[in-house]
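Here is a short briefing on one protein chain. Look at the structure first, then read the points below.

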Amino acid sequence: MRWIIGLLLAGLVAIGGVVAWRTSQFVPAPVVEAAAVAAPELTFDADAAAARLGRAIQFETISVQEGQTWNAAPFTAQRSWLESAYPAFHAVAQREIVNGESLLFTWAGSDASLAPILLLAHLDVVPVEEWSRKDWTSEPFSGAVRDGFVWGRGAIDDKGSLIAILEAANVLAQSGFKPKRTLIFAFGHDEEVSGRDGAQAMAKILADRGVKAWFAMDEGQATIARHPMTGGPVSLIGIAEKGYATLRVTASARAGHSSMPDKDTAVTLLSEAVLRIHRMPIEMKLEGGPAIDMIRALAPQLPMTLRAAAANEWLFSPVINQELGADPQAAALVRTTVAPTMLEGGPKENIIPGRAVAWINFRLHPRDTSASILARAQEAVKGIPDVTVEWDRPPNEASAVSSTTSDSYALISAMARVAAPGAPVAPGLVLGGTDSRYYGGVAENVYRFAPAIYEGEDIAGIHGKNERLSVENLTRMIRGYAHLMTAGAG
Ligand SMILES: [Zn+2]
């Protein structure tokens with residue numbers, strides 16, 4: 001017996017050694033230093049910029065769901081106003097109007113051999129629900145500037161970025177800045193519904209011209225004041241975004257009166273199918289996605305136990321999975337999520353319907369494809385009679401994962417370090433969808449980052465109530481985008 005215990009102990013010592021060694025090797029990836037170009041000296045009137053953001057919010061450029069009437073007039077009015085508000089920029093950049101309301105600007109660089117920089121933002125906003133209007137402290141489309149904030153729908157999403165980019169470009173154009181590298185600005189008008197007429201069309205135009213940008217940068221992430229892992233500020237650069245797909249599950253059985261039900265009905269068959277799909281195994285892992293890179297980047301700020309666990313997923317994966325699985329926010333980062341959301345059955349309580357339908361929403365992790373998820377769902381319902389499973393609409397796949405060792409990532413990191421001093425920079429995964437998903441083919445890398453520091457309260461306003469952007473953040477964003485333009489294209 002003694003030799004077995006000896007062997008076990010030796011094994012434990014060896015495993016302990018491997019764990020310690022791997023933990024010590026678990027350090028942030030080196031950052032390319034070449035990109036640490038200083039931010040430009042920039043003189044501008046922050047209050048005037050805030051007033052202009054307020055003015056932009058007053059144009060009710062609302063995207064509506066299919067079937068509702070869409071009003072183009074505010075978009076057209078906003079476009080003419082932008083022209084008058086940013087004359088220096090409009091003088092140096094060539095503007096193209098795409099599909100009626102999207103705006104594609106090209107500020108030609110002096111060296112055509114350099115790959116352009118592509119800056120993205122969107123012109124549209126989500127509606128304000130009537131019932132929630134009473135909870136707004138300022139009228140949602142007033143664009144009021146009060147208590148150091150610009151208030152209103154779109155203040156952050158995404159007129160804040162739109163206006164900050166234009167303010168920065170206008171100040172630079174005014175000061176005589178001439179880019180070596182071409183700067184392309186693509187502002188879509190339907191990001192909140194599909195991006196098809198805006199971003200998708202503009203990406204196609206660029207692709208047809210043979211444009212291959214150095215990188216594209218869009219909304220999606222920023223510096224968050226309190227990161228759940230470190231408790232402190234972290235600048236998250238979105239290197240990928242999740243896909244979106246909704247499964248329609250249909251069950252059929254004999255219709256009839258509820259006083260004499262068959263053993264199974266469309267409703268019971270559907271319930272079984274929904275439960276099986278909800279419980280089907282979907283991989284949950286730190287590796288194979290942005291999560292492990294994020295933890296690695298934050299390693300110096302993390303408790304030793306967490307660092308050791310992340311560095312040794314081969315050993316601790318059961319514990320890690322349990323921890324991650326218990327926290328919806330963390331789980332969303334490391335796996336494709338499954339959420340049954342809508343049900344349709346009989347029209348009356350005493351009628352057994354011949355058909356029952358469920359919709360299940362998936363957010364696809366970059367490691368999964370819609371085809372592999374559909375195959376697994378079909379496998380899961382095997383054996384349940386008369387159940388069909390199909391995508392309700394063509395799915396959006398997850399984006400490709402952009403590099404964290406490119407010089408463009410280093411440039412954005414350098415900009416983020418100036419915008420939010422002291423905040424470590426880490427790659428992140430965007431859980432929602434942005435226009436940037438259409439630009440994968442026309443840019444070497446696609447990043448999602450706004451140089452602003454957001455508190456939880458700021459984030460709650462996005463698509464919610466009392467959306468606002470602090471004048472301080474607007475100033476930070478103008479400086480950040482100007483930094484990116486001069487350091488990247490100067
Ligand atoms: Zn947005």
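A residue is buried if 20 or more other C-beta atoms lie within 10 Å of its own, exposed if 12 or fewer, and partly exposed in between, with C-beta atoms placed from the backbone. Helices (H or I, at least four residues) and strands (E, at least two) are DSSP runs, numbered from the N terminus. The model is predicted: local features need pLDDT of at least 70, side-chain atom pairs count only at pLDDT 80 or more, and totals for chains, interfaces and linings use all residues. Residue numbers start from 1 along each chain as its sequence is written.

**Overall architecture**

- The protein chain has 15 helices and 17 strands.
- Its radius of gyration is 25 Å, close to the 23 Å that the globule rule gives for 490 residues, so the chain is as compact as a globular protein of that length. The radius is taken over C-alpha atoms, and the rule is 2.2 Å times the number of residues to the power 0.38.
- Along the principal axes, the C-alpha atoms fill a box of roughly 75 × 70 × 45 Å.
- Of the 490 residues, 44% count as buried.
- Among contacts between residues at least 6 apart in sequence, 82% join residues at least 24 apart. Two residues are in contact if their C-beta atoms, placed from the backbone, lie within 7 Å.

**Helix α7**

- Helix α7 covers residues 266-279. Its 14 residues should span 20 Å at 1.5 Å a residue, and the end C-alpha atoms are 20 Å apart, which agrees. The expected span is 1.5 Å times one less than the number of residues.
- The buried residues of α7 are A266, L269, L270, A273, V274 and I277.
- Seen down the axis of α7, these buried residues fall within an arc of 135°, so they line one face of the helix. The arc is that of the directions from the helix axis to the C-beta atoms.
- An α-helix has 3.6 residues a turn, so residues three or four places apart point the same way.
- L275 and R279 are exposed on the other side of α7.
- The buried residues of α7 pack against β9 (243-252), β11 (337-344), β13 (355-364), α12 (370-380) and β14 (387-391).

**Strand β3**

- Six of the six residues of β3 (residues 117-122) are buried, so the strand is largely enclosed by the rest of the structure.
- One side of β3 carries I117, L119 and A121, the other L118, L120 and H122, and all are buried.
- In a regular strand the side chains alternate between the two faces of the sheet.
- β3 runs parallel to β6 (residues 183-188), joined by six bridges. Two strands pair if DSSP finds at least two bridges between them.
- G188 in β6 stands opposite H122.
- β3 also pairs with β7 (residues 215-224), in the parallel sense, over three bridges. There, M217 of β7 is the bridge partner of L119.

- Three strands form an open, antiparallel sheet in the order β4-β5-β17.
- β4 (145-146) and β17 (468-470) are the edge strands, each pairing on one side only.
- Two bridges join β4 to β5 (residues 149-151). V150 in β5 is the bridge partner of V145.
- V150 counts as buried, with 31 C-beta neighbours inside 10 Å.
- Leaving aside neighbours within four places in sequence, V150 is in contact with residues including A50, L53, R468 and L469.
- V150 and I57 are 93 residues apart in sequence, yet 9.1 Å apart in space, C-alpha to C-alpha.
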